[in-house]
Amino acid sequence: MAGKSTRQEQFLKLQQDFRTNAFEIIRQMVDWCNTTPGSRHLVDEILHSIFFLGKINTTPFTPEEIIPNKEMLNALKEKYPEPFECYLTHLPRRSPFSCVLDMVVLQKRPENENQVKQTLSDLVNRLKEGFLVSATICISKSNKSVQQYGVSMSTSGPNPGRIVIAASCLSSYWDEYVAAAVMTFYPDKKKKEYFDGTFKLAEGATCRAYSIKKASEMEPCKSCGNLFGFQETCQREWPWPYGNCAEVESLSNLFKNDDQVKQQSRPQSDTFTPENREKVRDETLENLKKILKMIQFKTWSGKFYVPE
Ligand SMILES: [Zn+2]
């Protein structure tokens with residue numbers, strides 16, 4: 001019995017890292033917002049996604065528990081009322097670290113790749129492991145576009161990841177082709193028989209991933225090979241669902257900024273028809289609802305959170 005309770009205590013103690021990281025990330029984002037014009041929406045959005053992930057965390061945390069400092073809590077409520085009002089009814093379109101990434105890219109400018117990486121690495125090295133932190137950053141580029149960034153999902157556990165991946169697909173946060181590729185394997189890594197939205201990234205466009213902590217380049221995983229036609233992938237098959245990797249967000253941003261590369265990367269399968277695309281979206285929505293039901297999140301209005 002004693003051993004069991006110790007394990008339980010350790011588990012609860014570890015779960016507190018969610019709160020520690022959440023508070024530190026929010027504090028840092030508010031700080032950066034004060035010196036970065038045009039970044040208010042990023043604080044708004046990250047508050048919402050952190051509150052949502054706090055609610056569905058294995059040990060749930062309320063906004064009041066995440067921000068124990070009363071003065072700061074009231075100031076945030078006043079300045080950003082909507083995340084507090086909407087985190088139980090709206091799903092986030094992306095995971096929190098994507099907002100951190102956007103903030104840093106806005107601050108450092110997209111062409112300063114090393115500064116962007118360094119700033120993120122400094123932050124991640126100050127945080128605890130395992131909660132609300134992305135492991136990888138990806139940078140895509142084409143002749144016509146500056147660096148386009150993406151980070152891996154900063155969710156923990158299979159259900160939060162699957163929820164945000166579906167939301168990124170269904171809310172049009174991810175580009176339609178990128179979303180189609182991901183939904184081809186949603187939610188369980190099994191390829192759909194009736195639909196293939198995978199594609200081969202156009203020649204001339206590059207896509208490289210790095211560990212945020214170590215700044216070292218990483219080979220794409222097998223999943224990304226299957227999604228985007230990368231030839232050289234590492235042999236490892238990660239346990240995460242398709243859509244977890246930094247490549248996904250980065251390529252999505254590239255397609256939004258370079259339509260030519262996007263059109264050259266169009267999925268080629270005969271099954272990529274309007275009817276099947278509709279069907280795969282419906283199926284993804286059904287799966288999303290199933291997961292929400294399973295974790296007893298009963299208050300979704302069907303809407304996604306878009307900050308003002
Ligand atoms: Zn990958």
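How many aromatic pairs does the ring rule give here? The count comes to 13, where rings of Phe, Tyr and Trp (its six-membered ring) pair if their centres lie within 6.5 Å, with planes under 30 degrees apart called stacked, over 60 edge-to-face and the rest tilted. One of these is the tilted pair of Y194 and F195, at 6.5 Å centre to centre and 40° between the planes.

A word on the ground rules: this is a predicted model, in which local features need pLDDT of at least 70, side-chain atom pairs count only at pLDDT 80 or more, and totals for chains, interfaces and linings use all residues. Residues are numbered from 1 along each chain as its sequence is written, and side-chain values use heavy atoms, with hydrogens and water left out.

**Rings and charges**

| Lysine | Ring | Distance to ring centre |
|---|---|---|
| K117 | Y210 | 3.7 Å |
| K279 | Y194 | 3.9 Å |

**The zinc site**

The SG atoms of C221, C224 and C245 coordinate the zinc ion at 2.2 to 2.3 Å. Donors are N, O and S atoms within 2.8 Å of the metal (3.2 Å for Na, K and Ca), and sites may look incomplete because water is not among the atoms. Along the chain, the zinc donors are spaced C-x2-C-x20-C. C221 is buried at 5% relative accessibility, and C224 is buried at 1%.

A nonpolar core is a set of buried Ala, Val, Leu, Ile, Met, Phe, Trp, Tyr and Cys residues joined through side-chain atoms within 4.5 Å. The largest one has 96 residues, and M29, V100 and W174 touch the most other members. Helix α2 (residues 40-56) gives this core its largest share, nine residues; helices are DSSP runs (H or I, at least four residues), numbered from the N terminus. Of the 17 residues of α2, 14 are buried, so the helix is largely enclosed by the rest of the structure.

Further along, V261 lies in helix α12 (residues 259-264) and is buried, with a relative accessible area of 7%. Leaving out residues up to four places away in sequence, V261 touches S142, L201, A202, A205, L254 and F255, contact being heavy atoms within 4.5 Å.

Key. A charge sits over a ring if NZ of Lys or CZ of Arg is within 6 Å of the ring centre and within 35 degrees of the ring normal. Buried means under 20% relative accessible area, exposed over 50%, partly exposed in between (1.4 Å probe, protein chains only). Helices (H or I, at least four residues) and strands (E, at least two) are DSSP runs, numbered from the N terminus.
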